[in-house]
Amino acid sequence: MLRKLIILASLLALYPAAATAQTPPPGCDAMDNRTDFDFWVGEWNVYGPDGRLGGTNSIRKTQGGCLIEEHWSGASGSSGFSMNYYDPLQDAWRQVWMSAGAYIDYTGGLNADGAMFLEGEIFYHQNGNRAPFRGLWTPNDDGSVTQHFTQYNAETESWDVWFTGRYVRQEDDPNTHSGE
């Protein structure tokens, strides 16, 4: 019996060393495309084409850097959330957006100009309508980001502007502290 206890104690003493010697499998940091959308990460004030504040957006990396979460707060009280990630099964970036008004699911990647281009579909909860949808996020030289969305209009067979906004980092925006 004493011999069995000594063997058991010896095996247990080896277990922690064996457990810590194992290397976990590589996470998303092993994927080349994982930082393609990092230019959008930050705390932002978002301005419309008229220069008025449309809302704020908090874009954060979570889940060990594998997921980019968006938390939108519109100046008029609207809100929304998106999950953005590089999907190795589709070999593309993917965004799934949810708000009280709409659901958007689209995929894509960086274009030749270094802008993130996603294409997919929008679904409106209230009436069940759906349409092809595109998003383009362009990093600007001044550190801002231009976001431009278009929705396909089947009646006119054209892509209509759905939203255009200029993202300004809150720490760089003089309006952040002026009460505007």
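Arg134 counts as partly exposed, at 26% relative accessibility; the class lies between buried (under 20% relative accessible area) and exposed (over 50%), using a 1.4 Å probe and protein chains only. The side chain of Arg134 meets that of Glu119 in a salt bridge (2.9 Å, N to O), defined as a side-chain nitrogen of Lys or Arg within 4 Å of a carboxyl oxygen of Asp or Glu. This is a predicted model: local features need pLDDT of at least 70 and side-chain atom pairs count only at pLDDT 80 or more, while totals for chains, interfaces and linings use all residues. Residues are numbered from 1 along each chain as its sequence is written, and side-chain values use heavy atoms, with hydrogens and water left out.

**Salt bridges**
- The structure holds six salt bridges.
- Glu119 lies in strand E7 (residues 116-124) and Arg134 in strand E8 (residues 130-139), so their pair ties together parts that are 15 residues apart in sequence.
- Glu119 is partly exposed, with a relative accessible area of 36%.
- Glu121 forms a salt bridge with Arg130, the closest N and O atoms being 3.0 Å apart.
- Glu121 is partly exposed at 33% relative accessibility, whereas Arg130 is exposed at 56%.
- Arg94 and Asp105 form a further salt bridge, with 2.8 Å between the closest N and O atoms.
- Because Arg94 lies in strand E5 (residues 92-99) and Asp105 in strand E6 (residues 102-110), this pair ties together parts that are 11 residues apart in sequence.

**Fold**
- The protein has one helix and 10 strands; these are DSSP runs, H or I of at least four residues for helices and E of at least two for strands, numbered from the N terminus.
- The 10 strands close into a barrel in the order E1-E2-E3-E4-E5-E6-E7-E8-E9-E10, with antiparallel pairing; two strands pair if DSSP finds at least two bridges between them.
- Strand E1 (residues 42-47) is joined to strand E10 (residues 158-169) by four bridges.
- Tyr47 has Arg166 as its bridge partner in E10.

**Gln147**
- Gln147 is found in strand E9 (residues 145-153) and is buried, with a relative accessible area of 3%.
- Its side chain makes a polar contact with the side chain of Tyr167 (3.1 Å); such a contact is a pair of N or O atoms within 3.5 Å, where within protein one must be able to donate a hydrogen and the other to accept it, and residues adjacent in sequence count only if both atoms are side-chain atoms.
- Beyond four places in sequence, Gln147 is in contact (heavy atoms within 4.5 Å) with residues including Trp40, Trp137 and Phe163.
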